[in-house]
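Let's take a walk through a protein together. Keep the sequence and the 3D view side by side as you read.

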Amino acid sequence: MDNQITSRQLMLLVVLFTIGSSVLFVPGGATAAAKQDAWISILAGIGLSFLLICMYNGVADLYPGLTLVEMSEKLLGKWLGAIVSLFLIVSTFAVGGVSLIDFAGTFVTRQIMPATPVIAANILFVAVAIWGQYLGLGTVARAAEVLFPLITALFIVMILAVSPNMKLEHLQPAFTVGVKPLIKSCISYLGFSTFPAVFFLMIYPSCIKEPKQASKAMLIGNIVGGLFLLTITTVCVAVLGAEGTSRQAYPSYTLAKKINIANFITRIEVLMATLWFLSLYFKLMIYFFAGMKGLAQLLKLQDKRALLLPMGLLSIVFARMFYPSAAYRQLWDEKIWPLYVGTSGLIIPLLLLAVGIIRKKGTMRRKNNS
């Protein structure tokens, strides 16, 4: 099983991870709070994301050969480190990964094949994910290299196709909603697109062939992914209006329905669905890889592939248990998820970075004294 990837492959995985489920949900969430100023909040979110990724790079530089789980145990001690590691593992698998499986199943049954049971869509999505995990991270990264041009082409085609429907007045007046809505919208953006990127510390830099270039790849990948989301959000507001965007469950998918070229090329929203499914798949791959590698390290297992089938089956069951209704899903995404993932993406990295810096300074002081 090949788990070594290049810095370029890391960058592409970060881009796809950032887009992931966000391409469908960020436009609606950002617009619900910031109205026509949603693009401003996402622009601010990209700036804050740059600082967060710099912090993650700082954590990675503490012990370049260790994963996030191993660093937690080394810096926080056996018991506290194990508790933090378990929290991170649960966050990747039972919360993050299972959430994406529910996204995929719900979207298929609501928008594409309403007669299909949700669990059938979940099983198909998980089966492909398990196979990808079995082949290894390297194989998944090479697939990202092949499919990224396709994803980019589909995105550009969709933006160009709906551009005749854009109305500048939908983006006006600007800078009118106030600071509080912009902050709320920005937190929503970070919760979906940047805080979860902390789980790349299970891959970076321990699985990177050129670790010196990896930090730059993380930064570029996150910024490029953010620009994708900034573009789709701005276009959604320009075409659908702020109210129309915020009322839609999947505003970017609704945007694709507006494509009408000479009354001949219409209803090609499958382009948007294809883009979303591909990026969602790679995001799920990172979640699953981080969760299974972390659990294998916590349990001292030599081969994490023994966890593939049990975790895959559990993820299908959990997807139906944890998200019983659309109303609960909306409540979770708006109120709970940003705070929950903020613990993994902000508080824990800050704690590890602070402890690591203090320990290194203490070690250097003892060496100087001796």
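This is a predicted model: local features need pLDDT of at least 70, side-chain atom pairs count only at pLDDT 80 or more; totals for chains, interfaces and linings use all residues.

While we're on cysteines, is C186 buried or exposed? C186 is buried, because its relative accessible area is 6% and buried means anything under 20%. C207 counts as buried too, with a relative accessibility of 3%.

Now head for the surface. Here L48, F50 and L51 form a nonpolar patch, and together these three residues have about 280 Å² of accessible area. Pick out L51 from that trio: you'll find L51 in helix α3, which covers residues 38-62. L51 counts as exposed because its relative accessible area is 55%, and the cut-off for exposed is over 50%.

For a contrasting spot, go to helix α11, residues 270-298, and look for S279. Is S279 buried or exposed? S279 counts as buried, because its relative accessibility is 0%.

So what does S279 touch? Leaving aside residues up to four places away in sequence, S279 touches L16, I19, G20 and I151. With G20 there is a polar detail to spot as well: a polar atom of the S279 side chain lies 3.4 Å from the backbone oxygen of G20.

Notes. Residues are numbered from 1 along each chain as its sequence is written. Side-chain values use heavy atoms; hydrogens and water are left out. Buried means under 20% relative accessible area, exposed over 50%, partly exposed in between (1.4 Å probe, protein chains only). Patches are made of residues with over 30% relative accessible area and no salt bridge: like charges are joined within 9 Å, nonpolar side chains (Val, Leu, Ile, Met, Phe, Trp, Tyr) within 5 Å. Accessible areas come from the Shrake-Rupley method with a 1.4 Å probe; for residues, only the protein chains shown count as cover. A salt bridge is a side-chain nitrogen of Lys or Arg within 4 Å of a carboxyl oxygen of Asp or Glu. Helices (H or I, at least four residues) and strands (E, at least two) are DSSP runs, numbered from the N terminus. A polar contact is a pair of N or O atoms within 3.5 Å; within protein, one must be able to donate a hydrogen and the other to accept it, and residues adjacent in sequence count only if both atoms are side-chain atoms. Contact means heavy atoms within 4.5 Å.
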